[in-house]
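Work through these exercises with the sequence and the 3D view side by side. Try each task before reading its solution.

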Amino acid sequence: MARYGGIDLGGTKIQTVVTDEAHEVLGSARHPTPTTGGPADVTLAMIAALQEAAEDAGVSRGELTAVGVGSPGAVDDEAGTVTSARNLPDWEGTYPLAEKLETALLAPVGLSNDVNVATIAEFELGAGRPFQSILGVFWGTGVGGGVVLDGQLWEGRGAAGEIGHMVVKSDGRTCPCGRVGCMEAYAGRGAMEVRAREKADEGEKTVLFEIMEERDKPRLSSGIWERALARDDKLAHQLVDRAVDAIGVGVASALNLLDVEAVVIGGGLGLRLGEPYVERIREAIMPHLFADHRPPEVLLASLGDLGGAIGATLLAAQQAPLPQR
Ligand SMILES: [Zn+2]
């Protein structure tokens, strides 16, 4: 009777699950990602979060069959290392994450890129299940993407699927990646916050930062954007409209090249704004779609917030047992 652990390591939270062999969730936990320290501190927080999920599932230490991790940064699946994860504290060099976790958790650990893990999760277990080819679009702080073609994840030479850096305006705004005109420069929650701050400083009225202070948040979270939209904040509407438009242009360009069967929209902001905004993205794609007589399905990710962690348990299921000691 297999018991899999899944860890979704994010810039703000560490989400963990423990599942059975059918990847049904038996227990889960969520901890904030440490904002100080370094890889070792983040690793300790990951272990604590997974142990809490295991307790929740009634699984004791040493009983996990295997563990999977979706991580940001440059992930070397073979070596089990993570290098220069921008959103994690002081994670500059190469850190042997899989080995450290294996020692602490007494289970084999598999590691992969977080967005690829989330894409595979939607493909195998979520909204992408009926299809052979999908494009996953994860609309959050940045905009991540994953491509599955003929049932296989397409990684290119390791950097495929960067939908957030599709160019939607050749002389456009500067992206967090340093280039100009990327989709993420308009649609990433990080870039949207920068733009909102600029507009507010120019004297434009908005409730965005009031809500942020009321709720004692360090940044404009997805929930704050949702509240501002509900209060009909003009600037919030403008920036979200611009984001939807940029996603439409970028995704349509990707579709013209790949002609996949379905687009699955997830990510913090995507999940929070939900189906009404998926419908708007569907509409924003259409004017730019070459084969517009036969548009692909555009669907909301169905595994929700747990998608990344559940996807990581798919990775766990591929791990060979640790050698007996
Ligand atoms: Zn970019």
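**Exercise 1.** Decide whether W91 is buried or exposed, then describe its aromatic pair.

*Solution.* Start with the cut-offs: buried means under 20% relative accessible area, exposed over 50%, and partly exposed in between, with a 1.4 Å probe and protein chains only. W91 has 1% relative accessibility, so it counts as buried. Next, apply the ring rule: rings of Phe, Tyr and Trp (its six-membered ring) pair if their centres lie within 6.5 Å; planes under 30 degrees apart are stacked, over 60 edge-to-face, and the rest tilted. This rule gives one aromatic pair. W91 and Y95 form it, with 5.5 Å centre to centre and 75 degrees between the planes, hence edge-to-face. Y95 is buried too, at 14% relative accessible area.

The model is predicted: local features need pLDDT of at least 70, side-chain atom pairs count only at pLDDT 80 or more, and totals for chains, interfaces and linings use all residues. Residues are numbered from 1 along each chain as its sequence is written, and side-chain values use heavy atoms, leaving out hydrogens and water.

**Exercise 2.** Find the protein donors of the zinc ion and name their arrangement.

*Solution.* Donors are N, O and S atoms within 2.8 Å of the metal (3.2 Å for Na, K and Ca); water is not among the atoms, so sites may look incomplete. The protein donors are H165 (ND1), C175 (SG), C177 (SG) and C182 (SG), at 2.0 to 2.4 Å from the zinc ion. Now check the angles. Four donors count as tetrahedral if all angles lie between 85 and 135 degrees. Here the angles are 104 to 114 degrees, so the arrangement is tetrahedral. Along the sequence, the spacing reads H-x9-C-x1-C-x4-C.

**Exercise 3.** Which rings have a charged end over them?

*Solution.* A charge sits over a ring if NZ of Lys or CZ of Arg is within 6 Å of the ring centre and within 35 degrees of the ring normal. R197 lies over the face of F209, 4.0 Å from the ring centre. R242 has its charged end over the ring of Y186, 4.1 Å from the centre.

**Exercise 4.** In what order do the three strands of the open sheet lie?

*Solution.* Strands are DSSP runs (E, at least two residues), numbered from the N terminus. Two strands pair if DSSP finds at least two bridges between them. The order is β5-β6-β7, with antiparallel pairing. β5 (74-76) and β7 (94-95) stand at the edges, each with a single partner strand. β5 pairs with β6 (residues 81-83) over three bridges. Across this pairing, D76 stands opposite T81 in β6.

Terms used: Four donors count as tetrahedral if all angles lie between 85 and 135 degrees; four count as square planar and six as octahedral if opposite donors are over 155 degrees apart and all others between 65 and 115; anything else is irregular. Helices (H or I, at least four residues) and strands (E, at least two) are DSSP runs, numbered from the N terminus.
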